[in-house]
Amino acid sequence: MGGLPVNSLATRAPEAAAITVPVPLGDRAYEILVGRGLLQGAGARIAALGARAAAIVTDEHVGPLYARSLAEALERHGLRTATLALPPGEATKSYAFLEKVCDFALEARIERGDLVVALGGGVVGDLAGFAAAVVRRGVRFVQVPTTLLAQVDSSVGGKTGINSRHGKNLVGAFHQPSLVLADTAALDTLSLREMRAGYAEVVKYGLIDDASFFDWCEARWRGVFAGGPERDEAVARSCRAKAAVVVRDEREDGDRALLNLGHTFGHALERITRYDSARLVHGEGVAIGLCLAFRFSASLGLCPDRDARRVEAHLAEAGLPTRLNHVPGGCGTVEELLDAMAQDKKVKGGALTFILARGIGKSFIAPGIAADEVRSFLKKEISAAQP
Ligand SMILES: NC(=O)c1ccc[n+]([C@@H]2O[C@H](COP(=O)([O-])OP(=O)(O)OC[C@H]3O[C@@H](n4cnc5c(N)ncnc54)[C@H](O)[C@@H]3O)[C@@H](O)[C@H]2O)c1
Ligand SMILES: O=C(O)C(=O)C[C@@H](O)[C@H](O)[C@H](O)COP(=O)(O)O
Ligand SMILES: [Zn+2]
């Protein structure tokens, strides 16, 4: 990783005050720190965990921007470091790259008391977190999320894993990080497409159970994108919402499934587009999935049409795809979509579980949804999309 990092820590403003969101999970409790410029103090904060070495896992976009300065900061605090930069994109969440990350951590002599540090988006976080869960049957890890999606969602809660040809995230483990450091200034270098994708997961929290947060999103979303105080507020509010769910149901025996709102459809679309980030990224699948979940709820007579329209209008206003015909290269057939959904982790006794809504902020878990209900809804969605 040659050359000067574009966002060298040396050129940054002094460390800003952090908003702290606690995740009180007993002996695995940890803190999420949110703030502009937090990477500046990352060396001290990570060193305080007491490790002697850190294996930094990043990708080839994020590495040149932030990895060298993070490694130097850790080394200044006495940690030995090694850095691995992986190809960016969803296809990297695979068996092949899991092996590479595990071997890298072992070659770096990462012991159980040491750290894997995931520096990047959700792809790096899920993959490196899973490697940390299985190397030596579990080493500690730190999340340093650098996308909006990773800061508001994937870095929190301990779901780690990779994709399989059978479906999304089908191989993985629950493994909580020891610390999450979300420097919201890191989002200044993120593409607009990826900001939008992450924003879909922000909106999701409002739709699940916080209508006033959805109102706030409608009024303030431009500040989140522009990097105003709204950005830190959106990240912190999202983390608080997610932490509250994770603390009451860490392993998704119940309520945690609410965080899957929009994902039954979204994950099916990711599989159909073969995890090709050029066609569809996770947050875009979630945006379409949120709209479908609301329209499906409305079609079942559960949710007012006007709420479904409001969800779609807001996501479209923020530049996100909202319909099946917005998937570049096509969304597949109804049967292909149903086939992909059949591998969803919420399936029970062969029947689909959906997260549906009675309105904005009124989502609920709906088990036992008949495939025929979904089939006729998808047929209507696809035929409505035909020119
Ligand atoms: N574990 C969970 O609870 C959870 C939650 C939500 C999503 N996910 C997973 O997260 C993944 C998606 O994560 P993502 O949206 O962060 O995608 P990503 O990790 O692919 O990152 C998106 C792109 O942005 C680039 N990038 C990252 N940070 C950057 C920065 N600061 N500046 C410039 N470029 C930057 C990356 O290189 C990549 O090209 C999916 O695999 C999804 O399944 C997991
Ligand atoms: O943390 C959770 O729980 C979520 O469901 C958050 C989702 O945004 C995320 O995409 C998660 O990876 C999906 O989990 P999965 O169990 O459906 O694979
Ligand atoms: Zn998600």
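Select Ala293 to start. Setting aside neighbours within four places in sequence, Ala293 is in contact with Leu261, Gly262, Phe265, Phe354, Ile355, Leu356 and Ala357. Contact here means C-beta atoms, placed from the backbone, within 7 Å of each other.

Some ground rules. This is a predicted model, in which local features need pLDDT of at least 70, side-chain atom pairs count only at pLDDT 80 or more, and totals for chains, interfaces and linings use all residues. Residues are numbered from 1 along each chain as its sequence is written, while chains are lettered from A and ligands numbered from 1 in the order in which they are written.

**The core**

Now select Val57, Leu70, Val116, Val117, Leu119 and Leu290 along with Ala293. Of the 122 residues in the largest nonpolar core, these touch the most other members. Such a core is a set of buried Ala, Val, Leu, Ile, Met, Phe, Trp, Tyr and Cys residues joined through C-beta atoms within 7 Å. Buried means 20 or more other C-beta atoms within 10 Å of the residue's own, with C-beta atoms placed from the backbone. Colour helix H10 (residues 282-299) next: the largest share of this core, ten residues, comes from there. Helices are DSSP runs of H or I, at least four residues, and strands are runs of E, at least two, numbered from the N terminus. Domain 1 (9-189) and domain 2 (205-385) each supply at least three residues to this core.

**The two domains**

Colour by domain. The bounds come from an automatic or database domain assignment. The C-alpha centres of domain 1 and domain 2 are 26 Å apart. Across the boundary, 30 residues of domain 1 are in contact with 25 residues of domain 2. On the domain 1 side, show strand S1 (19-23), strand S2 (30-35), helix H5 (148-154) and strand S8 (167-174); each gives two or more residues to the side that touches domain 2.

**Ligand 1**

Centre on ligand 1. Of the 32 residues around ligand 1, His61, Gly121, Gly122, Thr147 and Ser154 come nearest. A residue counts as near if its C-beta atom, placed from the backbone, lies within 6 Å. Both domains give residues to this shell, so ligand 1 lies between them.

**Ligand 2**

Move to ligand 2. Select Asp153, Gly157, Lys159, Lys168, Asn169, Glu201, Glu252, Arg256, Leu259, Asn260, His263 and Lys345 around ligand 2. This shell has one nonpolar, four polar and seven charged residues. Nonpolar covers Ala, Val, Leu, Ile, Met, Phe, Trp, Tyr, Cys and Pro; charged covers Asp, Glu, Lys and Arg; the others, Gly among them, are polar. Ligand 2 also lies between domain 1 and domain 2, because both give residues to its shell.

How values were computed
A residue is buried if 20 or more other C-beta atoms lie within 10 Å of its own, exposed if 12 or fewer, and partly exposed in between; C-beta atoms are placed from the backbone. Two residues are in contact if their C-beta atoms, placed from the backbone, lie within 7 Å.
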